[in-house]
Amino acid sequence: MEGTQHSDFVQILSWIAVFLLSTSYWFQIWKIHIHKEVRDLSMIYHVFLALGFGILAYTAWVEDSLIFLVKQIATTIPVCVIIAQIIIHKEDRWHDDDDPYCTKCNSELELIWNHCPFCGTEKSEEQQQSQYQAILKNNNK
Ligand SMILES: [Zn+2]
């Protein structure tokens with residue numbers, strides 16, 4: 001009886017870990033989806049992860065290990081999504097809904113910038129005011 005309870009506990013712990021590991025990647029996916037910025041992400045890192053997870057999914061299936069198979073599939077899928085995002089967004093720049101646009105060339109400006117890096121125009125008085133408000137708001141989060 002004791003032994004069964006112990007292994008049930010270990011089993012539940014393992015499933016919690018599988019859930020956490022596979023969910024963690026979706027936070028990265030969401031972050032990329034919001035900001036469209038992938039320049040800092042390594043393509044080769046994610047390709048190797050996807051290949052490694054994919055191979056282990058196969059060996060888990062051969063060895064008949066359900067939990068390991070689920071874990072490998074649940075991590076391979078989001079890593080493949082990240083690879084697709086890196087390809088889709090490789091030309092994109094950082095995006096945030098709070099960010100102002102340059103009054104001259106209409107490029108998206110980051111909050112901490114005072115000048116547009118594309119045409120050199122200074123932010124308008126109004127933009128600098130809302131930038132100050134947004135930075136305060138972010139600091140209070
Ligand atoms: Zn500009």
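Of the 141 residues in the protein chain, 11% are buried, a residue being called buried when 20 or more other C-beta atoms lie within 10 Å of its own, exposed when 12 or fewer do, and partly exposed in between, with C-beta atoms placed from the backbone. The structure is a predicted model, in which local features need a pLDDT of at least 70, side-chain atom pairs count only at pLDDT 80 or more, and totals for chains, interfaces and linings use all residues. Residues are numbered from 1 along each chain as its sequence is written. The mean pLDDT of the protein chain is 90, and 97% of the residues score at least 70; pLDDT is the predictor's confidence in each residue, from 0 to 100.

The overall form comes next. The protein chain contains four helices and zero strands, in the order α-α-α-α from the N terminus. Helices (H or I, at least four residues) and strands (E, at least two) are DSSP runs, numbered from the N terminus. The radius of gyration of the protein chain is 22 Å, whereas a compact globule of 141 residues would have one near 14 Å; the radius is taken over C-alpha atoms, and the globule rule is 2.2 Å times the number of residues to the power 0.38. The C-alpha trace spans about 70 × 35 × 15 Å along its principal axes.

Two domains are assigned, domain 1 (2-88) and domain 2 (97-141), with bounds that come from an automatic or database domain assignment. Their centres, taken over C-alpha atoms, are separated by 37 Å. Among contacts with a separation of 6 or more, 52% join residues 24 or more positions apart, a contact being a pair of residues whose C-beta atoms, placed from the backbone, lie within 7 Å.

K36 is found in the loop between helix 1 (2-35) and helix 2, and its phi is near 55 degrees, a positive value in a residue other than glycine. K36 is partly exposed because 16 other C-beta atoms lie within 10 Å. Helix 2 (residues 43-62) includes T59, which is exposed because it has 12 other C-beta atoms within 10 Å. T59 and L69 are ten residues apart along the chain, and their C-alpha atoms are separated by 8.2 Å. In the loop between helix 2 and helix 3 sits D64, again not a glycine, with a positive phi of about 60 degrees. With 8 other C-beta atoms within 10 Å, D64 is exposed.

Helix 3 (residues 66-88) has 23 residues and reaches 33 Å from its first C-alpha to its last, close to the expected 33 Å; the expected span is 1.5 Å times one less than the number of residues. Its buried residues include K71, Q72, T75 and T76, and P78, V79, I82 and Q85 are buried too.

In the loop between helix 3 and helix 4 lies W113, which is partly exposed because it has 16 C-beta neighbours inside 10 Å. W113 and Q131 are 18 residues apart in sequence and 9.1 Å apart in space, C-alpha to C-alpha. Helix 4 (residues 125-139) has 15 residues and a reach of 21 Å, close to the 21 Å expected. This helix is hardly covered, with one buried residue among its 15. Among the elements, helix 4 has the lowest mean pLDDT (82) and helix 2 the highest (96). Where pLDDT is low, predicted coordinates should not be read in detail.

Key:
Two residues are in contact if their C-beta atoms, placed from the backbone, lie within 7 Å.
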